[in-house]
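Biologist: Please take me through this model, one topic at a time.

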Amino acid sequence: MNFLNPFVLFGLLAAGIPVLLHLLNLRKLKTVDFSSLKFLKELQKTKIRKLKLKQILLLILRTLLVIFAVMAFARPTIPGSIPFFESYAKTSAVILIDNSFSMDISDEYGNRFNQSKTAVQNIISNLGDGDEAALITMSGESNSAPVFTRNFEYAYEKLNEIKISYTPANLNRSLRLAESLLDDAANLNREIYIISDAQSNIFKILNNDTVRLKSPASSVIFVPVGFGSKADLQNLSVDSVKIISAIFQQDKLVETEAYIRNGSKNPIKDVVVSMKFNGRAVSQRSADINAGETKSFLIASQPGESSPIRAAIELEGDIQDLDNAGYFGFNIPPKPRLLVAGNQSPNPFIKVSLSAFGVNENQQNIRYISSNQLSSEDFSNYNALIIAGGSLSKNDFVRLNQYINTGGAVLVFANPDTDKDEFAEFLSLNGIGKITERKYSQSQPAMFTNVDRSHPIFDGVFDDKPGSSQIESPKILRSWASESGLAIISIPGGAFLAESRRGEGKLLYAAVTPDGNWSNLPLTGIFPTLIYRSILYLTSSEDLSVNLKVGEQLIYKIPNRFTSSATFTIKDPNDNKFILQPVKLPQGNVLSFENLNIPGVYTIFDEKNGYVAQIAVNFDQSESIITEIDAGKLSELIEERIIETPVTIIPNIQELSAGINRVRTGTELWQIFILLALICAITEMIVQKVSKNEVETI
């Protein structure tokens, strides 16, 4: 027997009141017998015994009256039916339906999402007059808050409007929403239905919340879709993509490592993995992947254009196509705009080294000036500056500091033509600490002691095999070696080439002059490589796409060089555009993204249509594992989250109606208890009247 209103049972304590009153009435008074009254005792002895029995009967009737009244208000129920009392408890049902994309696969029973809709229809069809139902989607954001309805045709319409979502099912959020709905439900019999493929990810989210729900539901019924399927479901997914390349340029390979997971129970042979740039296939690999294995594929290709690249790793179609792509993005910048200042205009060694950056033979995108012309130049017009000697003013150093901190890039050489203290202060402010002048003899010049071949400047330049070509070192007679910063090339006493970052900008410092006075560096084979690769490193895009999962929010900090833009244009993966205005915060201007629900690459442009950044939105990999949890553990997992509520598993949708009838609370007995209470009341009145008459005759 169940009680729909169990708290009323505390009223059973009132059943003790008649007993208490009866005991108080039994207090014996001291009596004195008179001889003239003794014969009355004998005469009335039998009548008094009968009166006491009737008083006990009254006590029982009054106690039962209270008990039956309390039981009626507690609304006891039993499964099944009783003739003439076939009134079932009214039900408020909340139905949680899993619409994550893992449900969009098919087995021998058909599409699993369609199977779940059939289950919902069966549940609604088991509701009757006075019952109410509410639908909650477990994935994505609903356009409207779920509410109870007694119009089941409307419920069917809302069911047909539910679509597959790109985000994982959130059972925890759904249960909390169900709890809030049931708190205000009209009926006392309250049921929660969970219809899902029962992937492990929904329980991981569920159990990460340490607060347990004390659900107002009478019962929880879990319908695991797809359990017992014998179909050979093979599913591959792009687990993640790692970009190996550090510098991106039009004529250089972009190297990636893609991780492909076989989330099914059997091995899959000849898995074809393709890489696409802006929708065009550029490379392909294939291999076998064992069941449950995650395998890495090295894939590389050369971009054919200077532009933001929307890239993807894609797989061939299988039972679940939505997870067959992994998105990422990078930018191939156009030929950089360079400003070269020095005591020679131009330095012939530098000009030859920069020839590859020229848009034409006249190198119109590269400007050569003497250092005393720096004050008239707008540094923001250039992607990078090269300071190759000459006298610089204090104001020049201040402007260079500002340029670096707002995202500029500078390559500066040791400069004996300017004030050394001001030069050292400029370096120190930008992370290159103390510089020490050192001189070496012709017979024992300084040489490179260490080269960081892993640095992007030297990425792919040298063969790392033992016995392969060595890096040619110049003969150094004089240097201003730095003692801090990231040492890319080292010499005795400090760094020959050091890197530092300040704000959003980069600074490279070389400890010798570029004219051959301090070393033979300009005459060595490493000089053009060093100049070319340094400028390539300084001007190439390092803005890899920001990586998110579908449905996640993003607060993107706008680089300082774009803070003057009043609006930003966002192009989504379908090439639709929308405008965002930046929000000013203490840490800088930001863009707030709240609805990145389409997988793919989003591109951000400033108001002048200049490229800013990319955002890669990918699926949650946990949705790709199609092996379900053992049915025996489902109840345990749900009961850990919802306390004091019985959980029933109905694995067969075809048996759902019968299962609901077995679980659902049956006939209400309050009418019987009301009838019993009335009988007790009437009987008590009759007995009370008879007893009163007998007392008067004694």
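Modeller: Ser479 is found in strand β22; helices (H or I, at least four residues) and strands (E, at least two) are DSSP runs, numbered from the N terminus. This is a predicted model, in which local features need pLDDT of at least 70 and side-chain atom pairs count only at pLDDT 80 or more, while totals for chains, interfaces and linings use all residues. Residues are numbered from 1 along each chain as its sequence is written, and side-chain values use heavy atoms, with hydrogens and water left out.

Biologist: Is Ser479 buried or exposed?

Modeller: Ser479 is buried, its relative accessible area being 0%. Buried means under 20% relative accessible area, exposed over 50%, and partly exposed in between (1.4 Å probe, protein chains only).

Biologist: Which residues does Ser479 touch?

Modeller: Leaving aside residues up to four places away in sequence, Ser479 touches Thr436, Glu437, Arg438, Tyr440, Ile491, Ala511, Val512 and Trp518. Contact means heavy atoms within 4.5 Å.

Biologist: Turning to α9, which of its residues are buried?

Modeller: In helix α9 (residues 420–429), they are Phe423, Phe426 and Leu427. Seen down the axis of α9, these buried residues fall within an arc of 95 degrees, so they line one face of the helix. The arc is that of the directions from the helix axis to the C-beta atoms.

Biologist: What covers the buried residues of α9?

Modeller: The cover includes α8 (394–405), β19 (409–413), β20 (435–439), β22 (478–482) and β25 (505–510). β22 is also the strand of Ser479.

Biologist: And what happens just after α9?

Modeller: Gly431 takes a positive phi of about 95 degrees there.

Biologist: Next topic: at what angle do α3 and α4 pack?

Modeller: Helix α3 (residues 112–125) and helix α4 (residues 152–161) pack at about 170 degrees, with their axes 11 Å apart. That makes α3 roughly antiparallel to α4. Angles under 35 degrees count as roughly parallel, over 145 as roughly antiparallel, 65 to 115 as roughly perpendicular and the rest as oblique. Axes are lines fitted to C-alpha atoms, for helices over the stretch in contact, and angles run from 0 to 180 degrees between N-to-C directions.

Biologist: Which residues make that contact?

Modeller: α3 contributes Lys117, Val120, Gln121, Ile124 and Ser125, and α4 contributes Phe152, Ala155, Tyr156, Leu159 and Asn160.

Biologist: Finally, how much of the chain is buried?

Modeller: Of its 698 residues, 48% count as buried. The secondary structure comes to 13 helices and 35 strands.
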